[in-house]
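Hi,

Here is the structure I promised to send over. Have a look at it first, and then read on for my notes.

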Amino acid sequence: ASLVSSVHAAATGTSSNSNWLIEDDMVDENARRRYLRSFYWALYTTSTIGYGSVGVISIAERLFAMMAMVVGAVVCDAGITAVLTSIIINRDHQASTNSRRIQCSKCYMTSNYVPRDVQDRALDYYSYTDTKLQNIDESSFLQDLSPSMRGQILSHFCFQPLRSSSLCKEFSDGAVMSLVKTMKPYIAIPGERIVEIGKESDAVYVLQRGLCTVQDASSNGTEHSVPIGALIGHEVTAARYQAEGDFLPSHGIRIEIVEATGIRSSKSGGLYMEFEHGRKSCRTSIKKNFSSSSGSGCQEAVVLKHSQPPHCLGRAVLISIKGWRRDGAHRIIGSAQAQVPHPEDIALQTLSVTDTCGKSAGTVTLRISQYELPKDEIPTTHEETVISNGYCHLYRMDAFEITKLRDYLAKSNDESSVLGGDPGAAGGGSSAAAGGG
């Protein structure tokens with residue numbers, strides 16, 4: 001309408017004895033008033049309303065008006081109507097599909113006397129997929145992609161957790177990538193025990209987003225939150241303990257957050273801290289008032305358990321402060337390093353937090369100590385129970401895939417030995433070949 005009005009205002013001169021300027025007494029008006037009058041005419045003409053309050057006098061004006069009417073009919077009537085109709089039909093179809101699925105599910109569960117609490121959880125899951133996920137099926141989405149693109153997406157979430165774990169330490173990058181390609185999306189519902197102590201677990205998981213709590217097999221059931229990107233499964237904890245000499249934890253590092261100041265909160269939620277020492281890592285709960293000036297809202301304590309005195313594993317505790325986001329793309333606010341004190345010391349350390357650009361992002365004060373675990377804090381087995389606190393998005397791989405890869409590489413090395421080759425080189429080459437499969 002703006003373009004049409006500009007042409008209409010500019011194209012009409014005062015040399016003609018009969019035009020809309022003379023008819024509407026606009027000859028002596030300034031350019032701004034003429035433009036507004038032309039815009040009014042263009043708007044009601046192109047929108048096909050057609051009040052006719054601005055006259056069309058000369059032949060040139062009539063020709064231009066006909067062109068504007070045609071453009072308006074195509075753009076406004078056909079274009080906008082088609083777009084709105086398409087949107088309404090699509091939304092109507094999806095809403096109808098969702099409603100029918102829910103009604104059929106209710107009918108099935110009621111007729112088969114499914115317990116009421118199970119019915120509520122099933123309907124809540126449908127509500128979550130319909131509203132939060134907008135009916136997007138991640139498995140179908142990945143399946144529709146080319147193998148190369150699918151591998152890149154899975155690698156983004158799963159490669160580093162597998163590569164850095166004790167479970168895959170003997171594999172080459174190519175072999176690890178072959179495991180990544182077997183990962184499939186999995187959604188854990190609230191309260192689900194993803195793995196449980198004393199029960200067989202036939203899968204390995206990578207936590208993509210969501211809140212999970214892990215409990216060890218000690219008498220008091222020590223709990224801590226699972227970091228995003230953590231590897232979950234009995235195979236994982238067994239490999240970690242094997243790397244530490246098959247000894248169960250006997251020592252611990254207690255980290256108490258005393259105060260945090262000058263740390264800005266995430267725009268989409270609160271903050272949390274991740275701690276890493278040796279092969280162990282854990283994180284705090286999410287704090288909405290983490291960045292308060294008093295720092296009182298962030299007070300919390302976590303424990304990292306080890307099978308040997310912590311100072312034998314190095315004295316640095318790596319600390320990351322992250323901003324929680326619902327979509328899982330947690331923002332790194334800053335990082336710092338703390339030192340593990342001697343067993344007899346309890347160190348109060350005030351650390352400067354630096355962001356990814358090396359600039360100061362605030363300070364955090366920690367009270368750190370190491371100690372021998374009392375009897376009620378020593379786990380009786382390497383297995384852990386991981387509980388989903390909400391809808392958690394993970395990637396799942398059958399544990400058999402790891403066994404199958406080990407057997408394949410061992411067979412390749414045996415064949416290389418028979419042929420007189422270098423078993424080590426053959427193993428690396430076979431790993432790469434497995435990664436390319």
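One term before anything else: I call a residue buried under 20% relative accessible area, exposed over 50%, and partly exposed in between (1.4 Å probe, protein chains only). By that rule cysteine 168 is buried, because its relative accessibility is 0%. Cysteine 357 counts as exposed because its relative accessible area is 65%. Taking a disulfide as a pair of cysteine sulfur atoms within 2.5 Å, the count comes to zero.

Some ground rules. This is a predicted model, so local features need pLDDT of at least 70 and side-chain atom pairs count only at pLDDT 80 or more, while totals for chains, interfaces and linings use all residues. Residues are numbered from 1 along each chain as its sequence is written, and side-chain values use heavy atoms, with hydrogens and water left out.

The overall picture

Helices (H or I, at least four residues) and strands (E, at least two) are DSSP runs, numbered from the N terminus. The protein has 11 helices and 16 strands. Of its 437 residues, 40% are buried. With contact meaning heavy atoms within 4.5 Å, residues 24 or more positions apart make up 67% of the contacts with a separation of 6 or more. The accessible surface is about 23800 Å², and carbon and sulfur atoms hold 54% of that; areas come from the Shrake-Rupley method with a 1.4 Å probe, and for residues only the protein chains shown count as cover.

Strands

I say two strands pair if DSSP finds at least two bridges between them. Four strands make an open, antiparallel sheet in the order 1-16-3-6. Its edges are strand 1 (184-188) and strand 6, each pairing on one side only. Strand 1 is joined to strand 16 (residues 392-398) by five antiparallel bridges, and isoleucine 187 has histidine 393 as its bridge partner in strand 16.

Elsewhere, strand 11 (residues 316-323) pairs antiparallel with strand 8 (residues 271-277) over six bridges; glutamate 274 is partnered there by serine 320 of strand 11. Strand 11 also pairs with strand 12 (residues 331-339), again antiparallel, over eight bridges. In that pairing isoleucine 319 has alanine 336 of strand 12 as its bridge partner.

Helix 9

Which residues of helix 9 (residues 234-243) are buried? They are His234, Val236, Thr237, Ala239, Arg240 and Tyr241. Their cover includes strand 2 (193-195), strand 3 (203-209), strand 6 (231-232) and strand 9 (280-283).

Salt bridges

Side chains of opposite charge can pair when their charged atoms come close. My cut-off is a side-chain nitrogen of Lys or Arg within 4 Å of a carboxyl oxygen of Asp or Glu, and the whole structure holds 13 such salt bridges. Among them is arginine 101 with aspartate 130, at 2.4 Å, N to O. That pair links helix 4 (arginine 101) to helix 5 (aspartate 130), 29 residues apart. Arginine 101 is partly exposed at 30% relative accessibility, whereas aspartate 130 is buried at 15%.

Arginine 406 and glutamate 170 form another, at 2.7 Å, N to O. Here arginine 406 sits in helix 10 (residues 400-418) and glutamate 170 in the loop between helix 7 (147-163) and helix 8 (173-180), 236 residues apart.

Then there is aspartate 202 with arginine 396, whose closest N and O atoms are 3.4 Å apart. Aspartate 202 is in the loop between strand 2 and strand 3, arginine 396 is in strand 16, and 194 residues separate them. Salt bridges that share partners also join Arg193, Glu196 and Lys199 into one network.

Loops and surface

Two residues other than glycine have a positive phi. Tyrosine 113 has a phi of about 55° and lies in the loop between helix 4 and helix 5 (116-132); it is exposed, with a relative accessible area of 75%. Glutamine 134 has a phi near 55°, sits in the loop between helix 5 and helix 6 (138-144), and is exposed at 56%.

Lastly, Val83, Leu84, Ile87 and Ile88 make a nonpolar surface patch of about 370 Å². Patches use residues with over 30% relative accessible area and no salt bridge, joining like charges within 9 Å and nonpolar side chains (Val, Leu, Ile, Met, Phe, Trp, Tyr) within 5 Å. Valine 83 lies in helix 4 (residues 59-111).

Cheers
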